[in-house]
Amino acid sequence: AAYPCARLRQIVGEAAPRLVLADGAGRAALGEEALAGVGLVELEAQSPAWAGQPSSDPDARALGLGPHHLAYVIYTSGSTGTPKGVMVEHAQIVRLFETTQHWFGFNERDVWCLFHSFSFDFSVWELWGALRHGGCVVLVPGHVARAPSAFDELIRRYGVTVLNQTPSAFRALMDVESHSSVPNRLRYVIFGGERLDPSMLRSWSGRYSGHAPQLINMYGITEMTVHVTYRSLGQSDSSGPGGLIGRRIPDLRLYLLDGHGEPVPFGAVGELYIGGAGVARGYLNRPELTAERFIASP
């Protein structure tokens, strides 16, 4: 319910969900008109309704579900300012973790935290990264996420090992982290969602010189299932040029093309085009925009 009411109603109207899970604030934000004809589960009032349900996963095959079915639709404004739903399938999420695992070696002992809103696709990496590898995920309350000192305390108290941050959020966290005498258990700090200026990491690199946690920059867009590239950052990177996005995830292809769709020469400026297994299905109910943005590779 943090979004403006008009945006929430527009999303519900376009997505036409069969069921809405809502608390009191969410129901009030949507309004009864937007919820007309939609199944509603009130999370606070109807908790006894699922108290006796099994805790084990249902059999996906028995339900007729396959890798090609939608896993989620996340709305992004992008460059147009108009919310558009990006459709991502189960197979695209699974391959994201399969093709990056050789870099990270995530395991059942890792503790992740769900820091970002689930309306931001960074949360897909946080939530399913933990569950996919049998680890633990700590849900970060909104007021804690907005208070760097409280968030730093949470990281240490729960022994978080995999931290995912936008550079701006991490900058605020670094300021309070430098004054703490309690060691953390971080293995990785993974950046995404914004352009990273490596110079901001100089103080961090000085304190942790050569030791964990490893800093990683991952460029990505919602239409490509969270992440596109990987770059492990060393101490020397903090004094180098900005915008280091690294190498492609192995099952993706990256092209720098000019305005005519032709590859640019080495050293020339071009526009980044991305292909491969991470490409989303398209935009929900936006066939014209899908045809414009999701093009066949020449």
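A: Here is a walk through the pockets, the cavity and the helix pairs that share elements with them. Please keep in mind that this is a predicted model.

Let's begin with how empty space is found. Rolling a probe the size of a water molecule over the atoms shows where empty space is left.

The largest pocket holds about 2,600 Å³ of space. Its lining is made of 49 residues, and those nearest the centre of the pocket are Leu21, Ala71, Tyr72, Val73 and Phe118. Which elements take part? At least two lining residues each come from α1, β1 (19–22), α2, β3 (70–76), α3 (90–98) and α5 (122–132). Sorted by class, the lining of this largest pocket has 38 nonpolar, 6 polar and 5 charged residues.

Four of those elements are helices that we can look at in pairs. Two packed helices are described by the angle between their axes and the distance between the axes.

Take α1 and α2 to start with. Helix α1 covers residues 5–15 and helix α2 covers residues 24–35; their axes come within 9 Å and cross at roughly 45°. That angle makes α1 oblique to α2. The crossing of α1 past α2 is right-handed. On the α1 side, the contact is made by Cys5, Leu8, Arg9 and Val12, while α2 brings Ala28, Ala29, Leu30, Gly31 and Ala34. By class, this contact of α1 with α2 has 7 nonpolar, 1 polar and 1 charged residues.

Now turn to α3 and α5, which also supply residues to the lining of the largest pocket. The axes of α3 and α5 come within 11 Å and cross at roughly 70°. Angles of 65 to 115 degrees count as roughly perpendicular, and α3 and α5 are therefore roughly perpendicular to each other. Where do they touch? In α3, Ile93, Val94, Leu96, Phe97 and Glu98 meet Val124, Trp125, Trp128, Gly129 and Arg132 in α5. The contact of α3 with α5 divides into 7 nonpolar, 1 polar and 2 charged residues.

Next comes the second largest pocket, with a volume of about 860 Å³. It is lined by 28 residues, and Ile221, Leu272, Tyr273, Ile274 and Arg293 are the closest to its centre. The elements giving two or more residues to this lining are β12 (252–257), β13 (271–276) and α10 (287–293). Of these, which gives the most to the lining of the second largest pocket? That is β13, with 5 residues. By class, the lining of the second largest pocket has 14 nonpolar, 8 polar and 6 charged residues.

Our last stop is a cavity. A cavity is a space where the probe fits but cannot get out, whereas a pocket is open. How many cavities of 30 Å³ or more are there? The count comes to 1, and about 30 Å³ of space lies in the largest cavity. The residues that line the largest cavity are Asp152, Ile155, Arg156, Leu173, Glu177, Asn184, Leu186 and Trp204. Two or more of these lining residues come from each of α7 (148–157) and α8 (167–177), and α7 provides the largest share, 3 residues. By class, the lining of the largest cavity has 4 nonpolar, 1 polar and 3 charged residues.

The helices α7 and α8 also meet each other. Their axes come within 9 Å and cross at roughly 75°, which makes α7 roughly perpendicular to α8. In α7, Pro148, Ser149, Phe151, Asp152, Ile155 and Arg156 meet Ala172, Leu173, Val176 and Glu177 in α8. This contact of α7 with α8 has 6 nonpolar, 1 polar and 3 charged residues. If you compare the two lists, you will find Asp152, Ile155, Arg156, Leu173 and Glu177 both in the lining of the largest cavity and in the contact of α7 with α8.

Methods. Residues numbered from 1 in each chain as written. Predicted model: local features only at pLDDT ≥ 70, side-chain atom pairs only at ≥ 80, totals over all residues. Heavy atoms only, no water. Axes fitted to C-alpha atoms, helices over the stretch in contact; angles between N-to-C directions. Helix = DSSP H or I, 4+ residues; strand = E, 2+ residues; numbered from the N terminus. Parallel < 35°, antiparallel > 145°, perpendicular 65-115°, else oblique. Left-handed = near helix turned anticlockwise from the far one by under 90°. Contact = heavy atoms within 4.5 Å. Nonpolar A, V, L, I, M, F, W, Y, C, P; charged D, E, K, R; others polar. 1 Å grid on protein atoms, 1.4 Å probe; cavity = no way out; pocket = protein on both sides within 12 Å on 5 of 7 lines; lining within 4 Å. Points joined across faces, edges and corners; volume = space filled by probe spheres on them.
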